[in-house]
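These are my notebook entries on one structure. I record what I looked up, in the order in which I looked.

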Amino acid sequence: MLLVAATTIYELGGTTTSSIIDYTTFYAALEGGGIKSVVMRGDEVEGKLAPPRVVDGVEVTSFHTTLPSREDATLLPLMRDKGVIVRIDDERKFSWTRELAGLLPWLLILGAWFWMSRRAMPGSGQNPLAGVLSKQGKRFEEETAVDVRFDDVAGLDGAKRDLGEIVDFLREPERFERLGGKMPRGVLLVGAPGTGKTLLARAVAGEAGVPFFSIAASEFIELFVGVGASRVRDLFRAAKKAPHAIIFIDELDAVGRARGAGLGGGNDEREQTLNQLLAAMDGFDRSDHVVVLAATNRPDVLDSALLRPGRFDRRIVVELPARAAREAILRVASRGKPVAVDVDYAAIAGSTPGLSGADLANLVNEATLRAIRRGADEVHGSDFALAYDKILLGEPSDSHLAPAEKHRVAVHEAGHALVAHVLDGASPLRRVSILPRGRTLGATQQAPRSDTHLHTKSELLARLAVLLGGYAAEKLVLGEVSTGAENDLREASHLAQRMVGQLGMSEGLGPVFHEHRSEHPFLGARIATDSGVSDATVYAIERETQRLLSEAEGSARATLTNHRQRLDALLEALLERETLDEEGLATLLCG
Ligand code: ADP
Ligand code: ZN
């Protein structure tokens, strides 16, 4: 029996000429001398039969079989004995399943990549490939005509003055060069998030009428090593093509951190990118009228090579807005919005120290949304007040407190409030509330001091006591404390540590600044280079911190005990009315 399974595989030519046979049959035919020639491709064997055989009325001249995976050592000698012509074909026969199996891991990687890139760029169009390709090729933004002017940037007069020089330069580089002036290359804008650094950079491009190329430094660094460096090259090449241009690199510290400062080896990709950035800045010549602006909040962590002459050698500080600037920002942000005449920008500016330009723009936006939701035509002062509460405390939440919890929250807040009211040096009370909002169950709000730059030791001690007032009240009135004081304790501990270790406000340690426990960006470098703080010092700082905190708690407790009647009255009023504003508090506590 030679041809067992008569499965046809080639259907061309009408009559079947080839059959698949099993290995045993193949071997038997070989022993019987019925095989003329074979072609071997890997473990596949195709062959010709010496005399054709007829099976089921079909003449079969060739066959196909598969060799066992374990090599049969007798096969080749036997074929030689029987005079079979053997050809080894190296080109493996194309097999879809095999090829697909080989491709599968790659398909998975590619699929994951598509998925990530689509998530990273919502609305990037129907064709995911287009998204990936353009993402690969060009990751920076290019704005050819920027419509922002210095006029759109409120406050920041000093920064605008300094940057004005760069605008002049970009407008008439020839004039500057003729007079022997040197092109400024890199300017570092230093300031907290939301202070308007990006806005300023765009305004420079807008004023000078040059294209604006921008990227966030964190975007340089991606999955693959070398991508960052090539993105830097692409960015600078594109900018150099324009006669004049501004390059803006946001969050410079993401790539610009000092090299070799990490623990356990640096990040190669980041360092390569940084090196490329340094090289790109050195690669400018006199004919390239490109100015690089970069923004950071952490100039202290930058690699010193970035700050050398010819690189980011100019520094412009972008400060949080003071009162007048806040008012101006509010006005700029309200442009084109239907704000009612009753809105007192000066008053809002007065009550919002510490807010950045972005926060204020957000405030205007929230207030407008609120007015729209109300169905009103104009944005009123009350919309601003409610928007401010929302930004500060979060949206009122629906969560309902059980009576016992509500009582505890009232005790806690009344404690904060009473200490704030009684202690000299504490900021005046503005509002106390036990309505749950956002992440808080209750809140005691003190009026912000108008743009103070300095705080005295007694003010900070009062602040510690106010922070611990809630904790002390729970202990005093309810006999034990709860988890509700965690945030207060964290803030109080931070403050106390700073007072002892960095502000020279403890008699025990005296006038000294220790980096102990202060957030240090170069942990690795610090461990390696011995920070000079002895264990004894660390211990002393911790003990002094502890002492300050206990004293603050003592002062809070004493205040609450001495004014127990007022505490109880406050508690009762809070439970009844839930929110007490400035006037309500005044009649209750002072009357
Ligand atoms: P940064 O780059 O410093 O994080 P941005 O420039 O991105 O801050 O500011 C975010 C937004 O905040 C701006 O688009 C603008 O609406 C508003 N803003 C911030 N500062 C100012 C300012 N000085 N004048 C007007 N608007 C400002
Ligand atoms: Zn509290």
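**Entry 1: a loop residue.** I began with Val 481, which sits in the loop between H17 and H18. Helices here are DSSP runs of H or I with at least four residues, strands are runs of E with at least two, and both are numbered from the N terminus. Before going further I noted that this is a predicted model, in which local features need pLDDT of at least 70, side-chain atom pairs count only at pLDDT 80 or more, and totals for chains, interfaces and linings use all residues. Residues are numbered from 1 along each chain as its sequence is written, chains are lettered from A and ligands numbered from 1 in the order in which they are written, and side-chain values use heavy atoms, with hydrogens and water left out.

Is Val 481 buried or exposed, or in between? I found it partly exposed, at 33% relative accessibility. The cut-offs are under 20% relative accessible area for buried, over 50% for exposed, and partly exposed in between, with a 1.4 Å probe and protein chains only. I then listed the contacts (heavy atoms within 4.5 Å). Apart from neighbours within four places in sequence, Val 481 is in contact with Arg 408, Tyr 471, Glu 474 and Lys 475. I also looked up the distance to Gly 470: the two C-alpha atoms are 9.3 Å apart, and the residues are eleven apart in sequence.

**Entry 2: a partner of that residue.** Glu 474 counts as buried, because its relative accessibility is 2%. Residues up to four places away in sequence aside, Glu 474 touches Arg 408, Val 411, His 412, Gly 479, Glu 480, Val 481 and Ser 482.

**Entry 3: the zinc ion.** Which residues coordinate the zinc ion (ligand 2)? I recorded His 412 (NE2), His 416 (NE2) and Asp 488 (OD), at 1.9 to 2.0 Å. Donors are N, O and S atoms within 2.8 Å of the metal (3.2 Å for Na, K and Ca); water is not among the atoms, so sites may look incomplete. Along the chain, the donors of the zinc ion have the spacing H-x3-H-x71-D. His 412 lies in helix H16 (residues 403–422) and Asp 488 in helix H18 (residues 486–501), so this pair ties together parts that are 76 residues apart in sequence. His 412 is buried, with a relative accessible area of 6%. Asp 488 is also buried, at 13% relative accessibility.

I then read off distances to oxygen atoms of ligand 1. An oxygen atom is 2.5 Å from an N or O atom in the side chain of Thr 198. An oxygen atom is 2.7 Å from a polar backbone atom of Gly 194, and one is 2.9 Å from a polar backbone atom of Leu 199. The protein covers 76% of the 560 Å² of accessible area that ligand 1 has on its own. Accessible areas come from the Shrake-Rupley method with a 1.4 Å probe; for residues, only the protein chains shown count as cover.

**Entry 4: beside Ala 154.** Val 332 lies in helix H12 (residues 323–334) and is partly exposed at 24% relative accessibility. Its C-alpha atom is separated by 6.9 Å from that of Ala 154, 178 residues apart along the chain. Residues up to four places away in sequence aside, Val 332 touches Asp 151, Asp 152 and Ala 154.

**Entry 5: the chain as a whole.** The protein chain has 22 helices and 14 strands. Of its 591 residues, 42% count as buried.

Key:
Polar contact = N/O pair within 3.5 Å; in protein donor to acceptor, adjacent residues only side chain to side chain.
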